[in-house]
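Open the model in your viewer and keep the sequence panel beside it. The stops below say what to select next and what is to be found there.

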Amino acid sequence: MDRPQETMLNAGLIFIYSIWLQGQMSDLVILKKNPELIADFVADPGKIPAAYHELRVSYWERQFGDVKREFLEVFSDQLTEQELKEIDEIYHVRNMIGHAHVSGGRDYMLYRPSNSRKETEILAALNIKSIPDQADPMIIMLPFGEPEVFKSLSEKIEHLDQVCFARLAASLRVPHGRIR
């Protein structure tokens, strides 16, 4: 596989896994805010109760940022600084992928924030240094074809899934597999 293809494949995987994380965050919020649904939800792994399904579908229609905000409101006291940072980073990377300039001839993508406030948020979340004399807002290179970049993001996704969300599901007495 050539580098531009690998870049697009890796970006696609990161994007899809971010959607998967959003689904888990939605389920955790629903269960935390509606504890009366937990017993029926857990009772039959082959069936999603109707009341739960209606709430779940309403969350599918939301933007990642909206789900993230609600998730942080509900669970902020149970999240570590590392987990807060990982959620923020995945949120920004996902949005950057969704709005990136893609070319089959490059082994990277380009993203330009819509305004300086967004640029400031991204620079802080991704620990990127501003480049002097850069466009305003700056153009950010997304090198998803570089193995260390993909590995780092994959490890953050894995940590959120296997450690953070598993812990939160257990705190609600819900098997993590039910929301994965």
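Begin with helices H5 and H7, whose crossing is left-handed (the near helix is turned anticlockwise from the far one by less than a right angle; helices are DSSP runs of H or I with at least four residues, numbered from the N terminus). This is a predicted model, in which local features need pLDDT of at least 70 and side-chain atom pairs count only at pLDDT 80 or more, while totals for chains, interfaces and linings use all residues. Residues are numbered from 1 along each chain as its sequence is written, and side-chain values use heavy atoms, with hydrogens and water left out.

Select residues 81-98 for H5 and 147-171 for H7: their axes come within 10 Å and cross at roughly 130° (axes are lines fitted to C-alpha atoms, for helices over the stretch in contact, and angles run from 0 to 180 degrees between N-to-C directions).

Next, select Leu28, Phe71, Phe75, Phe144 and Phe165, which touch the most other members of the largest nonpolar core, a set of 45 residues (buried Ala, Val, Leu, Ile, Met, Phe, Trp, Tyr and Cys residues joined through side-chain atoms within 4.5 Å). Helix H1, residues 3-33, gives this core its largest share, eight residues.

Stay with phenylalanine 75, which, its neighbours within four places in sequence aside, is in contact (heavy atoms within 4.5 Å) with Leu28, Val29, Lys32, Leu168 and Leu172.

Finish at valine 74, in helix H4, residues 64-75. Valine 74 counts as buried because its relative accessibility is 18% (buried means under 20% relative accessible area, exposed over 50%, partly exposed in between, with a 1.4 Å probe and protein chains only).

How values were computed: Helix = DSSP H or I, 4+ residues; strand = E, 2+ residues; numbered from the N terminus.
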